[in-house]
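Biologist: I am new to reading structures. Could you walk me through one, feature by feature?

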Amino acid sequence: MKKWMTLLMTAMIAMSLAACVSQENGTASTAVDKEATPQKEATTAIAKESALKSLFNTSVFYGDSITEGFSFHDVLDKANVFGAAGKTAFFALKGNDVAELAKRNPEHLFIALGSDDILWPTDNPLQFGIEQYGKLLDKIKETLPQTKITILSVTPVTKKALIEEPRYSNIDAYNQLLKELAGKKQVKYVNVSSVAQQNLALYDEDGIHFKAEFYPLLLDYLKGELK
């Protein structure tokens with residue numbers, strides 16, 4: 001009887017130990033899976049950005065410092081970005097911008113000008129900016145007749161930026177003029193304001209420019225325009 005009791009106790013202890021080992025292994029496995037999740041997410045994000053970069057490899061984004069962010073943050077190659085701080089339609093006409101665009105000969109051209117145009121020191125900066133924009137479009141269309149042109153709206157600024165520079169209150173009015181201009185010149189117009197408004201955390205501290213994470217979202221929003 002004692003022998004049977006001893007065997008029974010030994011078996012119970014062995015089963016208990018086995019259950020503990022199994023539980024520990026299961027916990028360890030779960031922990032590894034949880035630790036791997038951020039890495040998987042990062043890999044997915046990189047793959048998505050790479051796919052977007054490939055998708056826009058025959059396009060050029062042309063504009064001011066906000067456009068320059070595409071290459072500054074390495075979201076697009078420099079060959080696909082032609083942006084400079086302070087760029088306006090007036091400066092574009094006075095420089096060699098159209099000649100440079102002709103060298104690149106993009107299939108699609110996305111133009112994002114206006115953030116600086118509305119700050120132009122003249123009596124009616126909106127009207128002046130639109131007039132210069134129209135002349136620029138004419139010159140680009142004449143030089144690159146096969147290129148598909150899309151005008152992008154001026155992105156909104158934060159309340160902080162608006163307090164510091166009240167002239168940004170004209171952004172909506174300028175965007176309406178851009179939309180009308182696009183119709184007259186028979187080019188596309190896309191309002192990208194929602195991408196910024198839905199991602200307020202992606203603004204830089206100045207409330208005007210954007211962090212790197214904003215640009216893939218913008219490309220994803222615009223990919224339908226490549227058709």
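Predicted model: local features only at pLDDT ≥ 70, side-chain atom pairs only at ≥ 80, totals over all residues.

Biologist: Now charges. What can side chains of opposite charge do?

Modeller: They can pair when their charged atoms come close. Such a pair counts as a salt bridge when the nitrogen is within 4 Å of the carboxyl oxygen.

Biologist: How many salt bridges does the structure hold?

Modeller: Seven. One of them joins the side chains of D97 and K87, at 2.7 Å from N to O. D97 lies in helix 4 (residues 97-104), while K87 is in the loop between strand 2 (81-83) and helix 3 (89-94). The pair therefore ties together parts that are 10 residues apart in sequence.

Biologist: Is D97 buried or exposed?

Modeller: Buried means under 20% relative accessible area. D97 has 6%, so D97 is buried. K87 has 12% relative accessibility, so K87 counts as buried too.

Biologist: Where do the partners E225 and K188 lie?

Modeller: E225 lies in the segment after helix 9, and K188 is in strand 5 (residues 188-190). Their side chains meet in a salt bridge at 3.6 Å, N to O. This pair ties together parts that are 37 residues apart in sequence. E225 is partly exposed, with a relative accessible area of 21%. K188 counts as partly exposed at 37%.

Biologist: Which residue does D220 meet in a salt bridge?

Modeller: The side chain of D220 meets that of K223, at 2.8 Å from N to O. D220 has 27% relative accessibility and counts as partly exposed. K223 is at 39% and also counts as partly exposed.

Biologist: Last, the surface. Which residues form a negative patch there?

Modeller: A patch groups like charges that have no salt bridge. In this model, E164, D204, E205 and D206 form a negative surface patch.

Biologist: Where does D206 lie?

Modeller: D206 is in the loop between helix 8 (193-197) and helix 9 (214-222). The relative accessible area of D206 is 30%, so D206 is partly exposed.

Definitions and conventions
Residues numbered from 1 in each chain as written. Heavy atoms only, no water. Patch = residues over 30% accessible without salt bridge, like charges linked within 9 Å, V, L, I, M, F, W, Y side chains within 5 Å. Areas by Shrake-Rupley, 256 points an atom, 1.4 Å probe, with all protein chains shown as cover. Lys, Arg positive; Asp, Glu negative; His and termini not counted. Charge placed at Lys NZ, Arg CZ, Asp CG, Glu CD. Helix = DSSP H or I, 4+ residues; strand = E, 2+ residues; numbered from the N terminus. Buried < 20%, exposed > 50% of the residue type's maximum accessible area, 1.4 Å probe, protein only.
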